[in-house]
Amino acid sequence: MKSEYDVIVVGAGPAGSIAARTAAENGLDVLLIEKRQEIGDPVRCAEGTGKEGLLQFMEPDSRWICAEVNGARIYAPNGTCVELTEKLAGKEVGYVLERKIFDRAVAKTAAKAGAEVQVKTQATSLIKESGVVCGIKGKFRGDDFEARAKVVVGADGIESKVGKWAGINTTLKPKDIETCAQFLVTDIDIAPNSCDFYMGNARAPGGYVWVFPKGKREANVGLGMLGSRFTGKHPIDYLHEFMAWKFPEGKIIETVVGAVPASGMLKQLSTDGVLLVGDAGRVSDPITGGGIYNGMVSGRIAGNVIADAIKANDVSAKKLQRHDKEVREALGKLLDRNYKAKEFVVKANDNLMNTVARSLSGVNLDDMSVPRLLKEIITRNPGLFIELAGLF
Amino acid sequence: MITVNRYRCGYCGACVSVCPNDAIDLVETFIEIDDKCANCGICTKVCPMGALELVEDEE
């Protein structure tokens with residue numbers, strides 16, 4: 001590790017690695033640090049992502065693609081099933097990844113582009129001189145270190161600290177966080193090309209259960225619940241109940257826990273010498289919880305904005321604000337809309353979910369986009385969705 | 001005070017993200033809680049594993 005860089009990226013998930021790669025491709029001197037000793041592990045993800053979006057960033061590789069899915073089935077609390085084809089289910093289905101391998105593959109592309117990568121290296125604070133951020137203090141294998149940089153990128157995930165240190169309030173409210181538990185379950189009967197979702201307040205209050213195939217007889221079985229809906233049972237407890245009901249014979253070979261920001265993107269993603277990307281910037285989708293693609297998009301924008309700023313020798317908040325603007329253009333509209341939809345959907349009771357599922361019987365779902373589907377739901381259930389009218 | 005059951009914790013960082021006082025840190029595979037903690041207990045409610053507990057301080 002050197003004592004000075006153009007850019008230090010804190011966190012080597014997909015968003016951080018793409019930010020580091022993009023900055024390095026622009027000729028900048030980049031350090032990418034990861035506090036864990038292994039990039040990509042332990043996993044904190046359901047691992048589903050859209051094919052099209054992902055392929056903007058990475059060449060497909062069978063080593064990190066566990067399954068390709070071409071549809072989704074959504075089960076209402078009473079068992080009514082709504083089946084969606086790939087086109088309809090949109091960019092949230094496509095691949096089920098092996099994040100342990102994928103995250104490393106993305107980090108390798110950053111290294112190949114010229115970024116220096118360091119693991120077991122944690123940022124502990126920002127170096128500030130007359131109020132201006134000019135590097136980080138941290139711990140590298142237990143020893144204190146300092147490294148200077150013109151710009152620091154916070155890609156430090158849901159537990160982000162970089163933003164807080166820079167004066168950006170990133171604290172999530174319990175109503176804006178989905179808290180999740182998941183098992184990797186093997187030797188079970190599943191549909192190997194379908195992502196399945198189970199709704200219902202008894203199963204996952206303010207969230208849903210997912211079954212994402214990772215092989216012919218293997219799946220990520222998990223659920224997320226809204227933090228504010230806690231009444232004594234934790235996600236792990238709901239998950240045990242679901243397993244007992246659906247896969248009593250399943251063998252659990254991995255436990256995964258995590259949480260997803262469901263707040264919509266932060267109002268402020270940058271300040272003097274600091275930018276936030278990925279979950280740290282809360283760019284994950286408030287409805288689906290999907291964050292891989294959004295994270296990488298924000299990382300790419302950050303890398304390019306930083307390159308321009310450093311070339312112009314101006315890393316002020318004003319200059320870096322282009323990051324906020326471009327991320328908002330790329331993702332903001334969708335995130336704002338889905339946040340409004342989430343605020344409504346999490347209040348839906350089981351009867352409403354059953355009614356909606358029933359109302360879709362007989363609808364040709366093959367040639368519809370998700371907004372079109374929601375429009376169809378709203379049209380078919382006049383009066384139920386007044387709050388959503390006009391959104392879709 | 002907040003206690004962490006390290007054997008139950010899945011080190012996911014959910015608790016860190018909701019702490020209004022920035023009192024929690026996730027260091028690799030363990031949680032550290034410092035004296036900025038105001039015992040509000042929000043973290044105990046978002047823990048996927050139920051590893052955090054708000055207990056009465058001993059005098």
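Two strands are taken to pair if DSSP finds at least two bridges between them. Helices (H or I, at least four residues) and strands (E, at least two) are DSSP runs, numbered from the N terminus. The model is predicted: local features need pLDDT of at least 70, side-chain atom pairs count only at pLDDT 80 or more, and totals for chains, interfaces and linings use all residues. Residues are numbered from 1 along each chain as its sequence is written, and chains are lettered from A and ligands numbered from 1 in the order in which they are written.

In chain A, strand β12 (residues 177-186) runs antiparallel to strand β15 (residues 218-226), and nine bridges join the two. Within this pair, A:Gln182 has A:Gly222 of β15(A) as its bridge partner. Helix α6 (residues 235-246) of chain A packs on the sheet, where it touches β12, β14 (208-215) and β15 of chain A. Contact here requires C-beta atoms, placed from the backbone, within 7 Å of each other. The direction of α6 makes about 135° with that of β15(A); axes are lines fitted to C-alpha atoms, for helices over the stretch in contact, and angles run from 0 to 180 degrees between N-to-C directions. The open sheet of chain A is formed by seven strands in the order β6-β5-β13-β14-β15-β12-β16, with mixed pairing. Its edge strands, β6 (81-85) and β16 (251-261) of chain A, each pair on one side only. From one strand to the next, the twist averages 20°.

Overall, chain A contains 10 helices and 18 strands. The radius of gyration, taken over C-alpha atoms, is compared with a globule rule of 2.2 Å times the number of residues to the power 0.38. For the 392 residues of chain A, a compact globule would have a value near 21 Å, and the chain agrees, with 21 Å. The C-alpha trace of chain A spans about 60 × 45 × 40 Å along its principal axes. A residue is classed as buried if 20 or more other C-beta atoms, placed from the backbone, lie within 10 Å of its own, as exposed if 12 or fewer do, and as partly exposed in between. By this count, 52% of the 392 residues of chain A are buried. Of the contacts in chain A between residues at least 6 apart in sequence, 71% join residues at least 24 apart.

Helix α1 (residues 14-25) of chain A has 12 residues and reaches 16 Å from its first C-alpha to its last. This is close to the expected 16 Å, where the expected span is 1.5 Å times one less than the number of residues. The helix is mostly covered, with 11 of its 12 residues buried; among them are A:Pro14, A:Ile18, A:Arg21 and A:Ala24. The elements covering the buried residues of α1(A) include β1 (4-10), β2 (30-33), α4 (99-112), β11 (143-154) and α7 (292-311) of chain A. Just after α1(A), A:Gly27 has a positive phi of about 90°.

A:Leu391 lies in the segment after α10 (370-380) of chain A. A:Leu391 is classed as partly exposed because 16 other C-beta atoms lie within 10 Å. Apart from neighbours within four places in sequence, the contacts of A:Leu391 are with A:Arg337, A:Lys340 and A:Ala341. The C-alpha atoms of A:Leu391 and A:Leu374 are separated by 9.4 Å, with the two residues 17 apart along the chain.

Chain B has two helices and four strands, and its elements run β-α-β-β-α-β from the N terminus on. For 59 residues, a compact globule would have a radius of gyration near 10 Å; chain B, with 10 Å, agrees. Along the principal axes, the C-alpha atoms of chain B fill a box of roughly 30 × 20 × 20 Å. Of the 59 residues, 41% count as buried.

Strands β2(B) and β3 (residues 30-33) of chain B pair in the antiparallel sense over four bridges and form a hairpin with two residues between them. In the turn, B:Glu28 has a positive phi of about 45°. B:Asp25 stands opposite B:Glu32 in β3(B). B:Asp25 and B:Val27 make up the uncovered face of β2(B), whereas B:Ile24 and B:Leu26 make up the covered one.

The contact between the chains takes 25 residues from chain A and 20 residues from chain B. On the side of chain B that touches chain A, two or more residues each come from α1 (14-18), β2 (24-27) and α2 (42-46) of chain B. The largest share, four residues, comes from α1(B).

Definitions and conventions:
Contact = placed C-beta atoms within 7 Å.
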